[in-house]
Amino acid sequence: MTHTARRIGRTLALVLPVVLVLSGTLAVARVPWAASNSESQVLTASSDTASVRAKSRTPQDILRDQLLVELQEKDPGIALTHLQRQVEERPSLAKHCMSIARALGRAAVASYGPTRAQSFSRPVCDTSFAFGVSQQTAGS
């Protein structure tokens, strides 16, 4: 009897962990993750989008974000001066200068109001700042 009990114990010691792991894996393989429909969604260990790199930000996007922060912290005049310097230092940004200046104009209206925002206007990027101010004023 002792020999049989020992043999059953060894078998369970080997088989039971495998059964538990497999049953746990199968239990979480199909889980309804609060889906609006009644179908279950399959949970996979790896996904096609898991290793996709985040989009890198372009230099003009980085500059626009920096200047918008500067506009909030200081004033639009300083942001416009820095925009003009950046375009002079990096001519590749010249084609984006107008869109950045318009974005600064719209942000200036949101922060300072249309009259005060217009007072910061300068001939940077073909007066696009003033155009952004007028766009935002007409939209509000």
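Mentor: The model is predicted.

Trainee: Which pattern does the protein follow along the sequence?

Mentor: There are six helices and two strands in the protein. Read along the sequence, they give the pattern α-β-β-α-α-α-α-α.

Trainee: What percentage of the contacts with a separation of 6 or more is between residues 24 or more positions apart?

Mentor: The protein has 140 residues, of which 24% count as buried. Among its contacts with a separation of 6 or more, residues 24 or more positions apart account for 60%.

Trainee: How is α2 oriented relative to α3?

Mentor: Helix α2 covers residues 59-73 and helix α3 residues 76-89. Their axes come within 8 Å and cross at roughly 155°. Angles over 145 degrees count as roughly antiparallel. Therefore α2 is, relative to α3, roughly antiparallel.

Trainee: How many residues in the contact of α2 with α3 are nonpolar?

Mentor: From α2 come Leu 63, Leu 67, Glu 70 and Leu 71, and these meet residues of α3 including Pro 76, Ile 78 and Leu 83. By class, the contact has two polar residues and one charged, and the number of nonpolar ones is seven.

Trainee: How does α2 lie relative to α4?

Mentor: The axes of α2 and α4 come within 10 Å and cross at roughly 25°. The cut-off for roughly parallel is an angle under 35 degrees. So α2 lies, relative to α4, roughly parallel.

Trainee: How many nonpolar residues are in the contact of α2 with α4?

Mentor: Among the α2 residues making the contact are Leu 63, Leu 67 and Leu 71, and among those of α4 are Ile 100, Leu 104 and Ala 108. The contact also has four polar residues and one charged, and its nonpolar residues number 10.

Trainee: What is the orientation of α4 relative to α6?

Mentor: Helix α4 spans residues 97-112 and helix α6 residues 128-139, with their axes 7 Å apart. They pack at an angle of about 45°. That angle makes the orientation of α4 relative to α6 oblique.

Trainee: Which hand does the crossing of α4 and α6 have?

Mentor: Residues in α4 such as Met 98, Ala 101 and Val 109 meet residues in α6, among them Ser 128, Phe 129 and Val 133. The contact has eight nonpolar, six polar and two charged residues. The crossing of the two helices, α4 and α6, is right-handed.

Trainee: Is Ser 128 buried or exposed?

Mentor: Ser 128 belongs to helix α6. Not counting residues up to four places away in sequence, Ser 128 touches Met 98, Ala 101 and Arg 102. Residues count as buried under 20% relative accessible area. Because its relative accessible area is 3%, Ser 128 is buried.

Trainee: What is the relative accessible area of Phe 129?

Mentor: Phe 129 is also placed in helix α6. Apart from its neighbours within four places in sequence, Phe 129 is in contact with residues including Pro 76, Leu 80, Leu 104, Ala 117 and Phe 120. Phe 129 is buried, with a relative accessible area of 0%.

Trainee: How many Å apart in space are Phe 129 and Arg 106, C-alpha to C-alpha?

Mentor: In sequence, Phe 129 and Arg 106 are 23 residues apart. In space, their C-alpha to C-alpha distance is 7.9 Å.

Technical notes
Residues numbered from 1 in each chain as written. Predicted model: local features only at pLDDT ≥ 70, side-chain atom pairs only at ≥ 80, totals over all residues. Heavy atoms only, no water. Axes fitted to C-alpha atoms, helices over the stretch in contact; angles between N-to-C directions. Helix = DSSP H or I, 4+ residues; strand = E, 2+ residues; numbered from the N terminus. Parallel < 35°, antiparallel > 145°, perpendicular 65-115°, else oblique. Contact = heavy atoms within 4.5 Å. Nonpolar A, V, L, I, M, F, W, Y, C, P; charged D, E, K, R; others polar. Buried < 20%, exposed > 50% of the residue type's maximum accessible area, 1.4 Å probe, protein only. Left-handed = near helix turned anticlockwise from the far one by under 90°.
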